[in-house]
Amino acid sequence: MSTTPYQRLSLHGHRLAGAGGLRAEVRAFVAEEIAAGRWSPRCDNWLIGWDPAFSERLAARGWAGMTIPAEYGGQEAGALARFVVTEELLAAGAPVAAHWIADRQTAPQLLGFGTEGQKRRFLPEIAAGRTYFALGMSEPDSGSDLASVRTRAERTDGGWRVTGRKIWTSGAHRAHYLTALVRTTLRDEATGRHDGLSQLILDLADPGIEVRPIRLLNGEAHFAEVVIEDVFVPDAMVLGEIGQGWRQINAELAYERSGPERVLSTAPLLLAHLDEIAARGGTADPVGLGLALARLSALRGLTASVAVELTGGHAPDVAAALAKDLGTRFEGDVVDVVRRSSPAGRPEDANSAETERLLRQAVLQQPGFTLRGGTTEILRGVVTRGMGLR
Ligand SMILES: Cc1cc2nc3c(=O)[nH]c(=O)nc-3n(C[C@H](O)[C@H](O)[C@H](O)COP(=O)(O)OP(=O)(O)OC[C@H]3O[C@@H](n4cnc5c(N)ncnc54)[C@H](O)[C@@H]3O)c2cc1C
């Protein structure tokens, strides 16, 4: 297989470069899928490309729930192997959204805090690419200030009765379960701001839950509002400890913020553009492109190092916040780099139809990059505080 400009980026000699042929295997699989017309590459497809059949095909190769222990149906693979697979899928713009959240953060969360029963019930299904989760953190009046969530769980016989509302919940209209951050002790009764919060697993098929998809300007719906009305959640579906929701969520956010998807949402556009430049023999903006490639190279190293640290049982929240802030701004800047490289009035530098298709699509997705998973301002606060400076 020939070397692409992407492969040539600064990872020579690094274990990440090939991971023992795994990268080539994933690339061949992806090429086969595209050649068979099963899907077309799209920017941001880790959030918008919901394709359960693809998730199951991937799982059949052992590429979903890769780091889950074998006793729970996973491959027990290392963090770098998973990193290589996810990087290749993102670079190809593959439709991985259905299993993405379950694979990225629900599985580690279950392994860290779940009961044996929850692990046996959910992990094999996640590794099979069949069971999908959504994340119920944000509410209409609680986004950045997550500790102010008002969705209330009240104690009842054998479980909890939950009432509240979540918003911007990615994939909630298609997923099976919602991991919801809820208030189990009223705020004025809790001792500290972050006390009294817990995580519950809600079955999205419950008749007490109404999921209202939120449409974007282009008519597509990728996130939803979730209205929860007096829903019974049995004790068996409490994730972790009652009252420890804040601590648990923070462990989870390191997974949510640090992956290569915070760098590579627009990679299909950048890579199509690199191929084009290679074919036409130059760009109108070599300086801009050079800077973008340097940033990409550094960000790959940063996200890979956080992936390794996560497997050591650490929650590298500062490094994860840093990776998300720098990575998501890079993803957005790719749009400008591609635009500047093909200025109006220079037909010799005109983009191909494929690059234009990806560019249009990236422009529509771009506003969400720096918002989802914590805004730029919030991440910078995490970094500053984490360094003991505020
Ligand atoms: C595409 C997309 C997918 C999403 N998916 C999910 C999901 O699956 N699950 C989920 O729970 N949520 C999801 N979200 C919601 C996302 O996490 C929130 O939008 C985000 O945390 C910001 O919250 P907010 O929208 O309430 O904005 P606010 O918190 O109201 O912030 C508004 C503005 O004020 C700034 N600001 C707020 N507080 C401070 C402060 N203390 N200092 C400085 N500036 C501040 C913010 O940076 C921002 O610019 C998604 C969002 C998007 C765009």
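Which residues are linked with R300 in a network of salt bridges? The network joins R23, R27, E87, E88 and R300. A salt bridge here is a side-chain nitrogen of Lys or Arg within 4 Å of a carboxyl oxygen of Asp or Glu.

The model is predicted: local features need pLDDT of at least 70, side-chain atom pairs count only at pLDDT 80 or more, and totals for chains, interfaces and linings use all residues. Residues are numbered from 1 along each chain as its sequence is written, and side-chain values use heavy atoms, with hydrogens and water left out.

## Salt bridges

The whole structure holds 29 salt bridges.

| Pair | Distance |
|---|---|
| R300 and E87 | 2.6 Å |
| E225 and R165 | 2.9 Å |
| D336 and R339 | 3.5 Å |

Start with R300 and E87, whose side chains meet in a salt bridge. This pair links distant parts of the chain. R300 sits in helix 10 (residues 286–311), E87 in helix 5 (residues 79–91), and 213 residues separate them. Helices are DSSP runs of H or I with at least four residues, strands are runs of E with at least two, and both are numbered from the N terminus. Are R300 and E87 buried or exposed? Both R300 and E87 are buried. Buried means under 20% relative accessible area, exposed means over 50%, and partly exposed lies in between (1.4 Å probe, protein chains only).

Next come E225 and R165, which form a salt bridge. E225 belongs to strand 7 (residues 221–234) and R165 to strand 3 (residues 159–170), so their pairing ties together parts 60 residues apart in sequence. E225 counts as buried because its relative accessibility is 14%. R165 is partly exposed, at 35% relative accessible area.

The pair D336 and R339 also forms a salt bridge. How far apart are D336 and R339 in helix 11? They are three residues apart in helix 11 (residues 317–341), so about one helical turn separates them. D336 is partly exposed, with a relative accessible area of 29%. R339 is partly exposed too, at 43%.

## Around the ligand

The ligand takes up the space of the largest pocket. On a 1 Å grid over the protein atoms alone, a pocket is an open set of points with protein on both sides within 12 Å along at least five of seven lines.

Around the ligand there are 16 residues, and S138, S144, W168, T375 and E377 come nearest. A residue counts as near if one of its heavy atoms lies within 4 Å of the molecule. Strand 3 gives the largest share of this shell, three residues. Helix 13 (376–386), like strand 3, supplies at least two.

Which atoms pair up with the ligand? A ligand nitrogen lies 2.8 Å from a polar backbone atom of L135. A ligand oxygen is 3.0 Å from a backbone N or O atom of M137. From an N or O atom in the side chain of S170, a ligand nitrogen is 2.8 Å away. Taken alone, the ligand exposes 980 Å², and the protein buries 61% of that. Such areas come from the Shrake-Rupley method with a 1.4 Å probe.

## A buried glutamine

Q248 lies in helix 8 (residues 245–258). Q248 counts as buried, because its relative accessibility is 0%.

Technical notes
A polar contact is a pair of N or O atoms within 3.5 Å; within protein, one must be able to donate a hydrogen and the other to accept it, and residues adjacent in sequence count only if both atoms are side-chain atoms. On a 1 Å grid over the protein atoms alone, a cavity is a set of points where a 1.4 Å probe fits but cannot get out, and a pocket is an open set with protein on both sides within 12 Å along at least five of seven lines; lining residues have an atom within 4 Å of a point. A molecule sits in a cavity or pocket if more than half of its atoms lie within 2 Å of its grid points.
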